[in-house]
Amino acid sequence: MPGLFVKIFIWFWATVVLTCLSLVLAFALQPHGVPSRWHSSLEDATKYYGTAAVGVLNQRGAPEASTFIGQLSEDTHVRACLFDDRGLVLAGWDCSEFKRDVDRVAHGETSVGSMHRGLAAIVIPVKGSDGHTYIYASELLSGPGAAFGVDLRVVLMRVSLALTVSGLICYFLTRYLTRPILRLRSVSQQISAGQLNARADAALESRRDEMGDLVRDFNSMANTTETLISSQRQLLYDVSHELRSPLARLNVALDLLRRRVGEVPALNRMQVESAFTE
């Protein structure tokens with residue numbers, strides 16, 4: 001069973017991994033790196049946060065806007081930066097990664113979306129209450145690879161849980177598949193040892209699948225084999241019984257004849273041959 005369990009376990013996870021890779025590739029090969037439906041929802045979220053950040057900037061100044069963006073990053077795992085219409089940083093930290101996309105928006109594009117390490121980067125222009133246009137850039141935890149940037153312990157816990165659950169599923173599936181095979185192996189060993197009446201369990205015969213068909217065919221074969229061997233043994237017994245009586249009478253006749261004619265080499269030879277045959 002261990003060999004089959006390992007194969008089922010490997011094939012199960014190979015299927016999962018290939019499926020995930022296919023989804024990631026399908027996601028990554030979309031135009032502009034982000035599918036249109038995702039881009040629309042992410043852009044709405046970015047616009048909401050961007051409007052709030054610009055409001056804080058207009059009312060309280062750049063330091064408070066930076067504090068707001070920092071708090072937002074801690075609470076929602078959203079990394080963001082606020083720029084003016086020329087692409088200069090007004091609030092936020094580590095904003096250099098947004099530079100290329102911000103320049104595109106500064107030169108007239110309405111919004112820019114891209115993927116970086118499984119994170120969706122959205123850059124949009126935001127109108128402030130003071131009449132100026134600002135550029136808000138945000139990197140949102142979204143997409144197939146987002147979970148890997150949250151918490152390593154959480155990821156390890158999820159992977160361990162997935163391996164444990166899948167291992168249990170594969171184990172019980174392996175037991176379910178191999179139980180009839182192991183039982184058939186045991187019965188075949190008993191039959192080869194001479195226990196011709198050994199059969200697989202009736203519970204296995206009642207299964208309505210290919211394994212049940214195999215068990216029923218095996219028991220049918222065992223019944224036929226037992227019947228043939230029993231018939232052969234009976235035939236040998238009957239033939240032996242039928243030959244024993246005339247040979248016994250022949251030996252009695254030879255003894256009587258020897259008493260009458262004495263020792264004759266031909267009679268001795270017939271005695272030896274009849275004894276050998278018997």
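A search of the whole structure turns up three aromatic pairs, where rings of Phe, Tyr and Trp (its six-membered ring) count as paired if their centres lie within 6.5 Å, with planes under 30 degrees apart called stacked, over 60 edge-to-face and the rest tilted. One of them is Y48 with Y49, an edge-to-face pair at 5.5 Å centre to centre and 70 degrees between the planes. Y171 and F172 also make an edge-to-face pair, with 5.4 Å between centres and 70 degrees between planes. This is a predicted model, so local features need pLDDT of at least 70 and side-chain atom pairs pLDDT 80 or more, while totals for chains, interfaces and linings use all residues. Residues are numbered from 1 along each chain as its sequence is written, and side-chain values use heavy atoms, with hydrogens and water left out.

As for accessibility, buried means under 20% relative accessible area, exposed over 50%, and partly exposed in between (1.4 Å probe, protein chains only). Y48 is exposed because its relative accessible area is 60%. F172 counts as exposed too, at 52%, whereas Y171, at 32%, is partly exposed.

Y49 turns up again around F68, which touches Y49, A52, A53 and V56, leaving aside residues up to four places away in sequence; contact here means heavy atoms within 4.5 Å. F68 sits in helix α3 (residues 62-76); helices (H or I, at least four residues) and strands (E, at least two) are DSSP runs, numbered from the N terminus. With a relative accessible area of 25%, F68 is partly exposed. The C-alpha atoms of F68 and A91 are 9.1 Å apart, with the two residues 23 apart along the chain.

Strand β1 (residues 79-83) runs antiparallel to β2, joined by three bridges; two strands pair if DSSP finds at least two bridges between them. F83 has V89 of β2 as its bridge partner. Five residues separate β1 and β2, and G87 in the turn has a positive phi of about 95 degrees. Most residues other than glycine have a negative phi. D94 is not a glycine, yet its phi is positive, about 50 degrees. D94 belongs to the loop between β2 (89-92) and α4 (99-106), and is exposed because its relative accessibility is 63%.

Finally, L21 is found in helix α1 (residues 2-28) and is partly exposed, at 46% relative accessible area.
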